[in-house]
Amino acid sequence: MSFLELYLLLLKGTATAFAGLASLPVIQDALVTHRHVLTAEQLNEAVVITRSTPGPVGLWVVSAGYFAAGVSGAIAGWLAMITPALLVIPTVHFAGRRMKHPRVRAILETVVIASAGLLLAAAIPLGREALTDPVTIAIGVAGLVLLLTTKIEVAWIILGAAIVAMGADTVGLLYYLT
Amino acid sequence: MAVETDDPVREGLVARPSLFRLADIFVRYGNITLGGGSATVAVLRREILDRRKWIGEDEFTVCFATARLTPGTNLLAFCTGVGWITRGLPGAVVALLAGSIPCAAMVVLATALFSIWQHVGWAQAAIHGAVAAAVAVTVKTCWTIAHPYVRPGTRLRVAVIAGAAFLLNVLIGLSPVEVLLLAAGVGIFIPTVRA
């Protein structure tokens, strides 16, 4: 499969999806079912890897590209991931110049506020997956308290959580590993 | 220092950042956060709006709302929008590259090493702990995003819109983009509030 062909197949998934993993069915159909350049297991691994590394979930196409064709495949995946972002330019330009209009402002603010509600909804499956034992529940609660009551950087809280979990694992307190 | 400009979007804001500064901030803060794109947006908001005042509240709203309605990865659309507003096309390209190359490189490395580190217990424990903290980051981000719109007389409106979006997604099963398009439709008709 050529670089351009892989890019276009991945782009077909990313440009028609509005959330990180929403592109998965399209890309699965193209690369796993029809082209056989990727296995279903590799596809799952690509998702697991990007959920375990910093950055947006949409990065999974980079991992999938790497599994399909090495570094050039990863570059094709990266290009497929960033290309749709350029579509925001005309809409930002258009809406930005009309932001003083009360109706445009009301529409955009309603979308942002709805996004906050959706984010809370997204925390539910993330919580089910991550808060699996007393230690991780304690980490989640302590993290939220620190975020709400202090100005500690998010990166430090995540690093601290990782260190606490490693310590708990060392003394056998993380149940999910056993 | 306010900038004199005929651009209504840039009116009253501090000086635009150089492309280098723009790249620096998006590399440092656009690539590191666990917990999804919105958590990263919350961190970026603090850096580019609260601390450096490169964009204003209105511009954040424009970038965030339009990015949420753009196909693909919303975070990258947000970065591109901020880059466009602050430095035009070069800024959009720089922000997009700075917000995507480092984390993509990390994913390539993690993919290459996956067969090794998936069996390393301490690494898995560290990731599990970090993701648990990411749940807290996600919950806090809801407030970070919504609170600028909580003004006298709008508290109930914010609670109803956010609550309805949550319920439509969780209970009714509407997809996020369906909920957001519905929200945009509601925004056309609800009474406007003075800023």
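Trainee: Why is the pairing of A:R105 with B:D58 called a salt bridge?

Mentor: The closest N and O atoms of A:R105 and B:D58 are 2.9 Å apart. A salt bridge requires a side-chain nitrogen of Lys or Arg within 4 Å of a carboxyl oxygen of Asp or Glu, so the pair A:R105 and B:D58 qualifies. The count between chain B and chain A is 2 salt bridges. This is a predicted model, in which local features need pLDDT of at least 70 and side-chain atom pairs count only at pLDDT 80 or more, while totals for chains, interfaces and linings use all residues. Residues are numbered from 1 along each chain as its sequence is written, chains are lettered from A in the order in which they are written, and side-chain values use heavy atoms, with hydrogens and water left out.

Trainee: What is the area buried between chain B and chain A?

Mentor: About 8100 Å² is buried, 79% of it from carbon and sulfur atoms. Buried area is the accessible area (1.4 Å probe) that two parts lose on being put together, summed over both. The contact, defined by heavy atoms within 4.5 Å, takes 94 residues from chain B and 86 residues from chain A.

Trainee: Why is B:V135 called buried?

Mentor: Its relative accessible area is 8%. Buried means under 20%, exposed over 50% and partly exposed in between (1.4 Å probe, protein chains only), so B:V135 counts as buried. B:V135 is found in helix α6 of chain B, helices being DSSP runs of H or I with at least four residues, numbered from the N terminus. Not counting residues up to four places away in sequence, B:V135 touches A:A123, A:L126, A:G127, A:A130 and A:L131.

Trainee: What makes the rings of B:F60 and B:F64 a stacked pair?

Mentor: Their centres are 5.7 Å apart and their planes stand at 15°. Rings of Phe, Tyr and Trp (its six-membered ring) pair if their centres lie within 6.5 Å; planes under 30 degrees apart count as stacked, over 60 as edge-to-face and the rest as tilted. The pair B:F60 and B:F64 is therefore stacked. Both residues lie in helix α3 of chain B, 4 residues apart.

Technical notes:
Helix = DSSP H or I, 4+ residues; strand = E, 2+ residues; numbered from the N terminus.
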